[in-house]
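This briefing is meant to be read with the sequence and the coordinates open alongside.

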Amino acid sequence: MKSWLFPYLDQPASRRSFLATGTSLAAAALWADRAQSIELTRLKNENYPFQIGVASGDPSPTGFVIWTRLCTDPLNGGGLPNEPIAVQWEVAEDEKFAKITATGKTSAVPEWGHSVHVEVEGLQPDRWYFYRFRVGMDESPLGRAKTFPTHEATTKQLKFAFASCQHFESGLFTAYEHMLKDDLDLVVHLGDYIYEGAGQEKKLRKHVGGKLLTLADYRNRHAQYKSDTDLQAMHAAAPWLVTWDDHEFENNYSADIPEERKGKNPPPTREKFLAQRARAYQAYYEHMPLRRATLPKGPDMLLYRRVSYGRLAEFCVLDTRQYRSDQPHGDGRKDQGEEALSPKQTILGDKQEAWLKESLKSSQAQWNILAQQVMMARVDRVPDEKHGYSMDQWPGYEMNRRRILKFLHEQKIPNPVVLTGDIHSNWANNLIADFDDLDSRVVASEFVGTSLSSGGDGVDKPKDHASTMSENPFVKFFNTERGYVRCHVTDKEWRSDYQVVPVVTKPGGEVLTRASFVVESGKAGVETA
């Protein structure tokens, strides 16, 4: 069997070995049968600079971003001298690099954590490439990336998965091991890539350090997550589209307003909070395969963007944290009151909302995808006459939600599909025009993916399953196991498979397809497959 393997390999290591001793693990996918197995091996050189792997992202018809971050001591500041380091990179048509199509040199500078972001251009559309980096005599693991079809191309299919909420202490990243076998064109990550809390004893795996505050804190935490071998392997196997939610910085923050505003302790000043946000945003950029257009400027980072997959699909990647109003009514699960119903309440901000509408209106794609963080459907989680809507989700920003759904309907946007993460549970929802009239027309479809590991082992049907389904007839599926959602998109239909891993607290958890739903092209709404 032909394979592409990581260089500088020694003897095989245990699957769950941890990168804390100066030695490094890497994962290699055997691609003759499209990643049917993973072989993990130990690197010879304890000073190896590519210990947290490689990644690619934000593909275009002519290229993509390739990423790495140099570090020899990933969990303790990186371990490298405070000086620039020369890095060579190569992109080839084949895994043996017999046909090199692009090459160059760049510098990894300490000001940006010795991270490397190369925007490769001049490649052929709609094909796979391999890439690697070199520093001195050390060579990185191989990565595999794909260019997307041209904007005019009528491509036949797109296969991708989306995931979110991967708490390192709560569970193993087993879902990525299974995702690696799915032969995907793309991975979409919808936020909570890391968690900011202090390390806790008696957890499955312990976070390094205390609660994240400094730039070094955020860098070490990102590096710890990137040390996971299943996550490394999935990053190396396909390009990613990424966006954040709250835990990359602070739980349930809103723009420049911290969650602590409701607590007993006095919140930080706005200046201190924005300074911390700048540190969190910088570390996020340093560890993600993002383009220069997203380079943070202090506490601001432009993350919303469009990515097209020919005429078949277009992704509008959203940021529902950086520009939102404060959660109304003190956050939590509440009935909608005056504050939640105010037209001034925004989850997108005026500029992003205008951009989204213009992007959707000008789209030539058959499927228009909103890749975003929090549930858009107005789900009532309190039975009987009382109501309980999440003020952290779109129902806390009701008029903003209504404006988007109205726009989708009135502008006749083709096949709008909303992808959502955040809440550690699976949902399949019909987005209806008026949630006060449950018989109103269906405007769009929403697929909500559960957490990849956050919350530990889940259950198929939680205690409030029956009441939730009864209160919300537009909800077609509700489940609280861990996993991800696999999507297969063609010109005729969209199919979402809810891939669940019932056990993430032990190695070797199996994956099951718990449910599957389809959306027929030209007909809004989800149906059981």
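What is the order of the strands in the open sheet of seven strands? In this predicted model, the strands follow one another as 15-16-18-20-22-21-23, and their pairing is mixed.

- From one strand to the next, the twist averages 20°.
- Within the sheet, strand 18 (residues 367-371) pairs with strand 20 (residues 416-420) in the parallel sense, over four bridges, and Ala371 stands opposite Leu419 in strand 20.

**Helices on the sheet**

- Helix 5 (residues 350-362) packs on the sheet, where it touches strand 15, strand 16 (313-317) and strand 18, and its direction makes about 175° with that of strand 16.
- Helix 6 (residues 398-410) also packs on the sheet, touching strand 20, strand 21 (426-432) and strand 22 (442-448), and its direction makes about 125° with that of strand 22.

**A pair of helices**

- Two packed helices are described by the angle between their axes and the distance between the axes.
- For helix 2 (residues 215-226) and helix 4 (residues 270-286), the axes come within 9 Å and cross at roughly 30°, and the crossing is right-handed.
- On the side of helix 2, the contact involves Leu215, Tyr218, Arg219 and His222, which meet Gln276, Arg279, Ala280, Gln282, Ala283, Tyr284 and Glu286 in helix 4.
- Sorted by class, the residues of this contact between helix 2 and helix 4 comprise five nonpolar, three polar and three charged.

**The largest pocket**

- The volume of the largest pocket is about 330 Å³, and its lining consists of 20 residues, of which Arg333, Ser390, Gln393, Asp422 and Ile423 lie nearest its centre.
- Divided by class, the lining of the largest pocket holds eight polar, seven charged and five nonpolar residues.

Conventions. Residues numbered from 1 in each chain as written. Predicted model: local features only at pLDDT ≥ 70, side-chain atom pairs only at ≥ 80, totals over all residues. Heavy atoms only, no water. Axes fitted to C-alpha atoms, helices over the stretch in contact; angles between N-to-C directions. Helix = DSSP H or I, 4+ residues; strand = E, 2+ residues; numbered from the N terminus. Left-handed = near helix turned anticlockwise from the far one by under 90°. Contact = heavy atoms within 4.5 Å. Nonpolar A, V, L, I, M, F, W, Y, C, P; charged D, E, K, R; others polar. 1 Å grid on protein atoms, 1.4 Å probe; cavity = no way out; pocket = protein on both sides within 12 Å on 5 of 7 lines; lining within 4 Å. Points joined across faces, edges and corners; volume = space filled by probe spheres on them. Pairing = 2+ DSSP bridges.
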